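User: I have a new structure open and would like a short walk through one part of it. Can we begin?

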Amino acid sequence: MKPDTIVKQIQGATLEATFPLAGKFSYIIDEPVEDGGNGKGPCPVELLYAALASCKAEVTQAYLEKIQVPADKIEIAVEADTADLAQGPLKIKVEAKIHAELSDEQKKRLEAAVSRGCTVAKILERVNEIETDFIYG
C-alpha cells in the first residue's frame, strides 16, 4: 500500500498527519480539551470540512482566472449536523460567497465547473463504504 496520508499518535489524542506524495507537509490533529484532547489542532471532522471548502475555493479561483474575472474575495463555509449519524445519510451544506462581477451565464458556468471540478466533493458524494484493515504487531 502506498499511502497518500500517514497519521501517527504523538501523545494521547494528539496526532500528526504527514503527506508523503505532497512533500514534507505535516499537520497536528487533535480534539478539543472538553472532548478529551489537548486542543493543539483541528479535529478530524474539521479537517474534512476544510478539505471540502478549500477544494471548492481552489476550483472557483481557477475558473475565475480562466475567464479572466478578478475576485475580491472567495469565502466557502461548510456545515453539517453530525448529532445523529445513525439516522441515514448525512447532508453537508456548502455556502459559497464569491465577490466578483459575473453575468448570469458566467455564474451558471462557474457553478457547473465547481460541481465538476471539486474532487473532494466527488469522493464524499460517492463513498458509501470504508474498508479498514487492522494490522497488529
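Predicted model: local features only at pLDDT ≥ 70, side-chain atom pairs only at ≥ 80, totals over all residues.

User: What should helix 1 span, and how far apart are its end C-alpha atoms?

Analyst: Helix 1 has 23 residues, so at 1.5 Å a residue it should span 33 Å. Its end C-alpha atoms are 33 Å apart, which agrees.

User: Which residues of helix 1 are buried?

Analyst: They are Y49, L52, A53, C55, K56, V59, T60, Y63 and L64.

User: What do those buried residues pack against?

Analyst: They pack against strand 4 (73-80), strand 5 (92-99), helix 2 and helix 3 (119-126).

User: Take T60. Why does T60 count as buried?

Analyst: Its relative accessibility is 2%, and buried means under 20%, so T60 counts as buried. Leaving out residues up to four places away in sequence, T60 touches I74, I98, L110 and V114.

User: Now helix 2. At what angle do helix 1 and helix 2 pack?

Analyst: Helix 1 (residues 44-66) and helix 2 (residues 104-117) pack at about 135 degrees, and their axes are 9 Å apart. The two helices are therefore oblique to each other. The crossing is right-handed.

User: Which residues meet there?

Analyst: From helix 1, K56, V59, T60 and Y63 meet Q106, R109, L110, A113, V114 and G117 of helix 2. The residues of this contact divide into 5 nonpolar, 3 polar and 2 charged.

Methods:
Residues numbered from 1 in each chain as written. Heavy atoms only, no water. Axes fitted to C-alpha atoms, helices over the stretch in contact; angles between N-to-C directions. Helix = DSSP H or I, 4+ residues; strand = E, 2+ residues; numbered from the N terminus. Parallel < 35°, antiparallel > 145°, perpendicular 65-115°, else oblique. Left-handed = near helix turned anticlockwise from the far one by under 90°. Contact = heavy atoms within 4.5 Å. Nonpolar A, V, L, I, M, F, W, Y, C, P; charged D, E, K, R; others polar. Expected span 1.5 Å × (residues − 1). Buried < 20%, exposed > 50% of the residue type's maximum accessible area, 1.4 Å probe, protein only.
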